Amino acid sequence: MLTRLLVLVLAGLLCLGHTARAASTDEGGGPLVGEVATTGTPHVLDGRVNSLALIDTTMLLGGDFSRARSADARRKFRRANLLSFDSTDGRIHRRFRPHPNGVVNKVLDAGDGRTVYVAGDFTRIGGVRRQNLARVRIRDGSVVRAFDAGKVAGQVRDLQLVGGRLWVAGAFTHIAGTAQRALAALDPDTGGRDRFMKLHVAGRHHGGHTQVLKIDVSVRSGRLVMVGNFRKVAGAPRRQVAVLDLTRRQATVARWRTRFYAARCSAVNNTYLRDVDVSPDGTFFVASTTGGARGPKRACDTTARFEIGTDANRVRPSWVAHTGGDTTYAVEVTAGAIYVGGHFRWQNNPFGRDRPGPGAVPRQGIAALDPRNGLPLDWNPGRTLGVGVFDFLDAVDGLWVASDTDRINWQLRSRVARMRPGTTVLPGEPSPALPAVLWSSTESPGTWSRRDWAGPSPDAASGDVTGAPEGVRAAFMINGVLFLVGSRPVLVRRSFDGFAFGPAARVTPSGQGRPPAGWRHDLQRLTGMFHDNGRIYYTLRGRSSLYYRYFTASSGTVGARRLVANAGGVDLRGATSLLLVDRRVHWRAADGSSWSVEWRRTAQAARLAAQTRRRDPCGCTAGEGRVRFLFQGSPI
């Protein structure tokens, strides 16, 4: 008995050691802001807030409004479309009264700590004639007269300041004295035209006016992403989305092209794109849309991720998140989550049509999505819907939210709110790698054996654990939690530390009504599964393909759609004991032989490289190893 105890203790210590060495963290994990909005923000009393800009402790709001009051006072202020306040106490600045005579779509920090650019649909600001674009001082709202883009013939929708250039997007036809439609680059000091950008934006997706609605820039890759109502850029077909290369002597159209937004959605939408945001590391962007429910294969009412550096003629989204018929407006990509806002009521809802479909998770107007797969995280403050959220700002003091409604998490925060910096940090998930500890089922019910694995094949069994779940058909482990499927068609989670198992709990997200479409049927026929980068991959009885669904362990959300990772080349009919380690997928065939094949990731999922298939030594008895998983302890 003492000898057995020592073996188990040593096994547990080795498990922890191997976990530390093998935990090369992949994408996923990071901080979340809190669900409670802070006090000390002003109230905008009508209209909507479109844009946020923070310079030190001065917050500026642009939009379509006329009245506001400070957080700590009942006195109301007349502020037409643009105001500033102290971000620490919500006190509205009395000297700042530029009063543009039309809507403000964008306020942008000019980078000098003293001024901002203001863009929209106006002809006067700060008592000076400026058409749709101006630069103003934050101390008193006065116009910087040295900056003058002349007659901007059409409203300006968005701005970006990068590489010593001010990028201007909108519905204009002329700017800075030059015919330049929808997108231009200006001198940030004078407003004069910068000839770096001479590309011609043309065409319309579905009527209306040619325009660029939103832009963002990846400094890392030197690329600009643009979305809006257009069909061509510099003669190259680019329907509603285009990527420009800014690394050459003049801006050029990148080879990057997607057909995902080529189809029409609602007939009332000239363009159904609404926002775009590039990730902090500059490797991908996320775009949001309106358009009505059109089914799981269409781009209408979705949020989708694209890798920005993928130069191909048919770039596909890495994932697509459906609301089931409601618009998403604003998108903010942070290190830990993708925050989205609109008037949606659900996420993970590809089969819903203005109602929750199978797998739908309720989210009222605001949500945080997993960057790896687009599934909703547990973060769920909720807000009154209205039209939507129109801007986010991720800052040191929290996440700022601009909208057209007055309550978030049931708190009165009229049209602007700041969500507290959070204390929740989602752990990253390790990529299975050697050396590792392998646990596998044995011929004895309720007993699992442990093997060290440093390659090329696992060592002989060096210990076992009793009291293991019985009837398990497939399992994988993430950060100290074992996910398994037993005799019932249910995904279950249990803690496991190498010695004992915690209580079983069914994996289902809070508030989810119906389970994902076909998920229960899949679990009835499941023969093996493993996890990689926010996806569960699995095989089904009588099927040769490898299937997958999105999966977020922290929220327990399983993707509503079943997708195919590998439809041919490698026949997985009868495969059990699926396992991913060191970029190879291992399994046992129906005759008991062991095989592996190289695992090649793509942006969407991964594929099995059939030409690398090989037979592997097993070193196990016929009744052993029908279920295997790598030990992965709690994150260190």
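How many of the seven residues of strand S10 (residues 115-121) are buried? Six are, and the strand is mostly covered. This is a predicted model, in which residues are numbered from 1 along each chain as its sequence is written, local features need pLDDT of at least 70, side-chain atom pairs count only at pLDDT 80 or more, and totals for chains, interfaces and linings use all residues. Side-chain values use heavy atoms, with hydrogens and water left out.

View 1. Strands (E, at least two residues) are DSSP runs, numbered from the N terminus, and buried means under 20% relative accessible area with a 1.4 Å probe, protein chains only. Two strands pair if DSSP finds at least two bridges between them. Strand S9 (residues 103-109) runs antiparallel to S10, joined to it by six bridges, and Val-104 stands opposite Gly-120 in S10. The two strands form a hairpin with five residues between them, and Gly-111 in the turn has a positive phi of about 90 degrees. S10 also pairs with strand S13 (residues 133-137), antiparallel, over five bridges; here Ala-119 stands opposite Leu-133 in S13.

**View 2. Two aromatic pairs.** Rings of Phe, Tyr and Trp (its six-membered ring) pair if their centres lie within 6.5 Å; planes under 30 degrees apart count as stacked, over 60 as edge-to-face and the rest as tilted. By this rule there are 28 aromatic pairs. Phe-85 and Trp-400 make a tilted pair, 6.0 Å centre to centre with 55 degrees between the planes. Phe-85 belongs to strand S8 (residues 82-86) and Trp-400 to strand S36 (residues 398-403), so the pair ties together parts 315 residues apart in sequence. Both Phe-85 and Trp-400 are buried. Phe-530 and Tyr-537 form a stacked pair, with 5.3 Å between centres and 20 degrees between planes; these two residues are buried as well.

**View 3. Two nonpolar cores.** A nonpolar core is a set of buried Ala, Val, Leu, Ile, Met, Phe, Trp, Tyr and Cys residues joined through side-chain atoms within 4.5 Å. The largest has 33 residues, and those with the most contacts inside it include Tyr-537, Trp-587 and Trp-599. Apart from it lies another core, of 22 residues, among them Val-243, Trp-256, Tyr-261 and Val-320. Trp-256 and Tyr-261 also belong to a cluster linked by ring pairs, together with Phe-260, Tyr-272, Phe-285 and Phe-306.

Note on methods
Helix = DSSP H or I, 4+ residues; strand = E, 2+ residues; numbered from the N terminus. Buried < 20%, exposed > 50% of the residue type's maximum accessible area, 1.4 Å probe, protein only.
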